[in-house]
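Let's take a friendly walk through a protein model, one piece at a time. Have the picture open and follow along as we go.

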Amino acid sequence: MPTAPGSRLLGLVAHPILVETGPEPIAGSTRLKAGTAQKVVLNLWSTLVMVQLGRVHEGLMVDMRASNEKLRARGLRMLRHLTGADDAAASAALAEVDAASNSPVLLLLLHGLDPAAARAMLADSDGHLRTALAALARDRGAATT
C-alpha cells in the first residue's frame with residue numbers, strides 16, 4: 001500500500017487508496033509512518049466490511065460465537081446490554097442453543113423466538129440483526145392490529 005501520488009501502482013488498481021504520510025523520520029524504514037498508516041486503513045476497511053455484513057449492532061460486534069468462557073462472558077454482557085435481560089434470562093438463552101450459535105440468534109431468543117425461528121429470521125434477513133429485529137417488530141405490530 002505505501003506509495004506516492006502519481007505512482008504507477010495507483011493507476012493500476014480499481015480503487016486506489018493513498019495515505020500521504022510524508023517522508024519517514026528514518027529513511028528506508030517503512031515500519032514507522034507508512035506501516036502505521038497502512039494498518040489504520042486496513043482496520044477501517046475491515047470495520048466497514050463488518051458493518052456492511054450486518055455483524056455490528058449498536059456499536060457492538062454481535063456476530064460472535066460463545067465458544068469459550070471468555071466469549072461466553074462477553075456474550076452474556078452483550079445480551080444484557082442490548083436487551084435489558086437479567087443474568088438468568090441471558091444465561092438461559094445461551095443454554096438453550098449450542099455453542100456454535102451466534103449472538104444474533106441469542107438476541108432473537110431473548111425477544112421471544114425459539115432457536116429455529118431465530119435462525120430462519122436471520123436467514124431471511126441475510127444475517128443482518130437490525131433487519132431481523134425490524135421484521136420481528138413489523139410481524140408483532142401486524143399481529144396486534
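Helix 3 passes helix 4 in a right-handed crossing. Helix 3 covers residues 69-83 and helix 4 covers residues 87-96; their axes come within 9 Å and cross at roughly 125°. An axis is a line fitted to C-alpha atoms, for helices over the stretch in contact, and the angle runs from 0 to 180 degrees between N-to-C directions. Helix 3 and helix 4 are therefore oblique to each other. The cut-offs go like this: under 35 degrees is roughly parallel, over 145 roughly antiparallel, 65 to 115 roughly perpendicular, and the rest oblique.

So who touches whom? On the helix 3 side you'll find Arg72, Leu76, Leu79 and Arg80, and they meet Asp87, Ala90, Ser91 and Leu94 in helix 4. Contact means heavy atoms within 4.5 Å. The residues of this contact divide into four nonpolar, one polar and three charged. In that sorting, Ala, Val, Leu, Ile, Met, Phe, Trp, Tyr, Cys and Pro count as nonpolar, Asp, Glu, Lys and Arg as charged, and the others, Gly among them, as polar.

## How to read this model

This is a predicted model, where local features need pLDDT of at least 70 and side-chain atom pairs count only at pLDDT 80 or more, while totals for chains, interfaces and linings use all residues. Residues are numbered from 1 along each chain as its sequence is written, and side-chain values use heavy atoms, with hydrogens and water left out.

Helices and strands are DSSP runs numbered from the N terminus: a helix is H or I with at least four residues, a strand is E with at least two.

## Salt bridges

How many salt bridges does the structure hold? There are three. A salt bridge is a side-chain nitrogen of Lys or Arg within 4 Å of a carboxyl oxygen of Asp or Glu. One of them joins Asp87 and Arg80, with the closest N and O atoms 2.8 Å apart.

Another salt bridge links Glu69 with Arg72, whose closest N and O atoms are 2.9 Å apart. Both residues lie in helix 3, three residues apart, which is about one turn of the helix. Glu69 counts as exposed at 57%, whereas Arg72 is partly exposed at 25%. Then there's Arg55 and Asp63, whose side chains meet at 3.0 Å, N to O. Arg55 is partly exposed at 29%, and Asp63 is partly exposed at 23%.

## Around strand 1

Is His57 buried or exposed? With a relative accessibility of 6%, His57 counts as buried. Look for it in strand 1, residues 56-57. Leaving out residues up to four places away in sequence, His57 touches Val62, Leu82, Leu129, Arg130 and Leu133.

Next, find Glu58 in the loop between strand 1 and strand 2 (60-61). Most residues other than glycine have a negative phi. Glu58, though not a glycine, has a positive phi of about 50°.

## The loop between helix 6 and helix 7

Asp126 sits in the loop between helix 6 (115-124) and helix 7 (129-144). Asp126 has a positive phi as well, near 55°, and isn't a glycine. At 65% relative accessibility, Asp126 counts as exposed.

Gly127 is found in that loop too, and it is partly exposed at 31%. Which residues does Gly127 contact, leaving aside neighbours within four places in sequence? They are Leu53, Gly54 and Leu122. From Gly127 to Lys33 it's 37 Å in space, C-alpha to C-alpha, and 94 residues in sequence.

## One more stop: helix 2

Ala34 is in helix 2 (residues 33-52) and counts as buried, at 13%. Its C-alpha atom is separated by 47 Å from that of Ala95, which lies 61 residues away along the chain.

Definitions and conventions
A crossing is left-handed if the near helix is turned anticlockwise from the far one by less than a right angle, and right-handed if clockwise. Buried means under 20% relative accessible area, exposed over 50%, partly exposed in between (1.4 Å probe, protein chains only).
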